[in-house]
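Subject: Structure for you to look at

Dear colleague,

I am passing on the structure we spoke about, together with my notes on it. Please open it alongside this message, so that you can follow the residues as I come to them.

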Amino acid sequence: MTDQHFWERTVGGHFVLPKRSFWPDFFSQVVARSQWNPEAIDFNPDARAWSELPAERRRRLMTILAGFRVGEDAVSEHIRPFADAAREATLASQESLMAWVFFLQRRDEDRHARFFDRVAAEVLGLPGDTPAERREAAKAHAPAGVIELFEGRLPETATELAAGRTGLAEGVSLYHLLLEGVVFFAGQHALLEDLADGALPGVRYGLERVQLDERWHVGFGLRCLIECQPSRELLDELLARAEDASEAWGDVLPASTREHIADLCHHRLAAVGLVEPHVAAEQAVRRAPAA
Ligand SMILES: [Fe+2]
Ligand SMILES: [Fe+2]
C-alpha cells in the first residue's frame, strides 16, 4: 500500500492529514519504516570540509545548526507532559492511542537531539565535554528569537500543560504547528538548500532523515488539533504567531523562505477545514518548491 492511501490531504507535497479511521496505526507504520541511527553517520568528511568553507557560509550554517542543537534538545525534553495531557483530553474520535503516538514521537526527538549534538561536537567543533556543555556553547551562536521560543515559550507552555492550566490544543499549536511546522521547517528548508552541493554529506544525510520524521510529527500535531476542536480564537492566535515565528532565524533565512513558511501554516489549517482558504497564501504555497 502506498503512503497516499493513508492520507486524506497532501499540501505542496507534504502529508498533513492521516485518515481518521486508522491514524494511530498509520503513524506506527511510518515510524517503523523510518528508523535510522544518528550514531552510525560518518562525519569525518564533514569535519574536514568545514574549515575549508567560506567564512560567510560557515557563519550561516553555524547559526542554523546551533539553533537546531538548542531547539531539538528542548523539544526532546518538553514533549513529556503531552502524553499525559492526551490521556486526559476529550477527543472528537475518542481515540485512545494518542498518548502512545506521543511516545513514538519522543523517541524521534531523542534521536534528533543526539544527531545535532554529534554535529555540534564533531563538525562545528563547539566546546564542551558533555551534551549540556555543548548546548550552552551552541546558545552563543543560535539566533535570539530561536532561543526565546525553545528555552522560554516552550518550557512555560509545557509546565502549564503538566499542571493542567492549559490544554492539549494550546500545547500542540505551539509545539507541533509553530515550533516544528514553522521554525524547524524553515531552518530545514534553508539548510537543505545550502547543503544541496554535497559540501557536508553526513549533515545532509541526517537532516533529510530529521525532516522526514518532522513531517509526520506535524501531520500528527494537525490531527491532534482537529481532535481537540480548537476555538477560532486559538487558531487566529496561531496564525498571527506563525508570521512572527518565521522571523525567528533572523537574517540567515532568505525573506522568500520566511514568507513561504508563514503561508504554509495557514495552508495546512485551511487544507483540513479549520480556517478559510486565503487565495494569495494558497497560490504562494503552490508556487514554492517542496523542501
Ligand atoms: Fe525533532
Ligand atoms: Fe519533531
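What follows goes from the chain as a whole to a few helices and then to single residues.

Please keep in mind throughout that this is a predicted model. The mean pLDDT of the chain is 87, and 85% of its residues reach 70 or more. Among the elements of the chain, helix α2 (residues 44-50) has the highest mean pLDDT, at 98, whereas helix α12 (residues 279-287) has the lowest, at 54. Where pLDDT is low, the predicted coordinates should not be read in detail.

The secondary structure amounts to twelve helices and two strands, and along the sequence the order is β-β-α-α-α-α-α-α-α-α-α-α-α-α. Of the 291 residues in the chain, 47% are buried. If one takes the contacts between residues at least 6 apart in sequence, 77% of them join residues that are at least 24 apart.

Helix α4, which spans residues 80-88, has P81, F82, A85 and A86 as its buried residues. These four lie on the same side of α4, because they cover an arc of only 140° around the axis. An α-helix has 3.6 residues a turn, so residues three or four places apart point the same way. As for what they pack against, the buried residues of α4 meet α5 (98-123), α7 (144-162) and α8 (168-194).

Helix α5 also has a contact with helix α6 (residues 131-139), and the axes of the two come within 10 Å and cross at roughly 75°. Since angles of 65 to 115 degrees count as roughly perpendicular, α5 and α6 are therefore described as roughly perpendicular to each other. On the α5 side the contact is made by D117, A120 and A121, and on the α6 side by P131, R134 and A138. Sorted by class, this contact of α5 with α6 has four nonpolar residues, two charged residues and no polar ones.

Another residue to look at in helix α5 is F103, which counts as partly exposed because it has 13 C-beta neighbours inside 10 Å. F103 and R80 are 23 residues apart in sequence, and their C-alpha atoms are 8.4 Å apart in space.

V218 counts as buried because it has 23 C-beta neighbours inside 10 Å. Leaving aside residues up to four places away in sequence, V218 touches H176, E180 and G181, and its C-alpha atom is separated by 9.3 Å from that of L178, 40 residues apart along the chain.

The other residue, D213, is likewise found in helix α9, and D213 is buried, with 21 other C-beta atoms within 10 Å. With residues up to four places away in sequence again not counted, D213 touches S34, D108 and H112. The C-alpha atoms of D213 and S34 are separated by 7.4 Å, although the two residues are 179 apart along the chain.

Lastly, Q229 sits in the loop between α9 and α10 (232-245). Q229 has a positive phi of about 50° although it is not a glycine. With 11 other C-beta atoms within 10 Å, Q229 is exposed.

With best wishes

Note on methods:
Residues are numbered from 1 along each chain as its sequence is written. Chains are lettered from A and ligands numbered from 1 in the order in which they are written. This is a predicted model: local features need pLDDT of at least 70, side-chain atom pairs count only at pLDDT 80 or more; totals for chains, interfaces and linings use all residues. A residue is buried if 20 or more other C-beta atoms lie within 10 Å of its own, exposed if 12 or fewer, and partly exposed in between; C-beta atoms are placed from the backbone. The arc is that of the directions from the helix axis to the C-beta atoms. Two residues are in contact if their C-beta atoms, placed from the backbone, lie within 7 Å. pLDDT is the predictor's confidence in each residue, from 0 to 100. Axes are lines fitted to C-alpha atoms, for helices over the stretch in contact, and angles run from 0 to 180 degrees between N-to-C directions. Angles under 35 degrees count as roughly parallel, over 145 as roughly antiparallel, 65 to 115 as roughly perpendicular and the rest as oblique. Ala, Val, Leu, Ile, Met, Phe, Trp, Tyr, Cys and Pro count as nonpolar, Asp, Glu, Lys and Arg as charged, and the others, Gly among them, as polar.
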